[in-house]
Amino acid sequence: MATSSIPPVLTTPRDDAMQLYRAFKGIGCDTAVVVNILAHRDATQRSLIEQEYRTMYSTELSKRLASELSGDVKKAVLLWMPDPAARDATIIRQALTGDVIDLKAATEVICSRTSSQIQFVKQIYLARFQAYLEHDIEYQASGDHKKLLLACISSMRYEGPEVDRAMAEHDAKFLYKAGEKRLGTDEKTFINIFSERSRAHLAAVASAYHSMYGNSLKKAIKSETSGNFEFALLTILQCAENPGKYFAKVLHKAMKGMGTDDTTLIRVIVTRAEIDMQYIKAEYHKKYRKSLNDAVHSETSGHYRTFLLSLLGPTH
């Protein structure tokens, strides 16, 4: 469920392109105009605006935005402009090859997307960066974490709701034998099951695990694994059970304590705004007794705050 609000009487992409061009003219940029237009246009509309801008002014809108905007609002707007697959490809590429390597960001994106989404991301990754996603993972990740990521981006998982209960119990038993029941952990079993099974199936496995052994699969993962491998497994499991709850927790953690993790805040709000932000907001309110809008309002300021709040949509 998308949250960014689209105005009822739409201007044309040509009008929007002209308004943006005017906002860039003169000394300084009229950031309020830029935010007001782009934060209220969906992916198709943004693409049409970019086409019109290119046709009318013989330059790329994204390049102009990059030179005119600054700080966190620049990061948020530039990430908002592409379609979801191109955006994911960009996040992963920056996380794996940027000045600061961020394996958690790359892992979050890879482990929270469906296999059909990932296949599309891989194609765009190669076309846009002339690099194979597999090669960048090979270079930056290591050990079981690397094996799991490579398995996730190569396997085609079923995406429907149907679940074979007997198979789910069978997998729960295998995971118990691979983890809690033995000394040491059989990581290969965890990798195979977590990279090859559908979300609905993994949620059923977690339920069966709890019924059969009186312990949650999440706790078992925490006690049997560690580091980025643990983070990847937990991301896959929690996104299988309740993605809204998972991202609500990620956002809360980004705004907790001293200072805000703006990179995470931007990544999650921008990538989920047109997908499931209503569910994330509901889960956030349920868990933290505070609206996500209020939390973001208190942790951000200026045009950056306006942009993120526009993507979040109304509080209720």
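Which helices each supply at least two residues of the lining of the largest pocket? In this predicted model, they are H3 (43-57), H4 (61-68), H5 (71-80), H6 (84-97), H8 (115-129) and H17 (262-272). The space in the largest pocket comes to about 860 Å³, and the second largest pocket holds about 530 Å³.

**Largest pocket**

- The lining is made up of 28 residues.
- Lys 75, Leu 79, Thr 90, Ile 91 and Gln 94 are the lining residues that lie nearest the centre of this pocket.
- Helix H6 provides the largest share of the lining, with five residues.
- Sorted by class, the lining of the largest pocket contains 13 nonpolar, nine charged and six polar residues.

**Second largest pocket**

- With a volume of about 530 Å³, the second largest pocket is lined by 21 residues.
- Phe 231, Tyr 246, Lys 249, Val 250 and Lys 253 are the lining residues closest to the centre of the second largest pocket.
- Two or more lining residues come from each of helix H7 (103-112), helix H14 (217-224), helix H15 (227-241), helix H16 (243-255) and H17.
- Helix H16 contributes the most to this lining, namely six residues.
- The class breakdown for the second largest pocket is ten charged, seven nonpolar and four polar residues.

**Helix H17 in both linings**

- Helix H17 supplies at least two residues to the lining of the largest pocket, and H17 also gives two or more to the lining of the second largest pocket.

Note on methods
Residues numbered from 1 in each chain as written. Predicted model: local features only at pLDDT ≥ 70, side-chain atom pairs only at ≥ 80, totals over all residues. Heavy atoms only, no water. 1 Å grid on protein atoms, 1.4 Å probe; cavity = no way out; pocket = protein on both sides within 12 Å on 5 of 7 lines; lining within 4 Å. Points joined across faces, edges and corners; volume = space filled by probe spheres on them. Helix = DSSP H or I, 4+ residues; strand = E, 2+ residues; numbered from the N terminus. Nonpolar A, V, L, I, M, F, W, Y, C, P; charged D, E, K, R; others polar.
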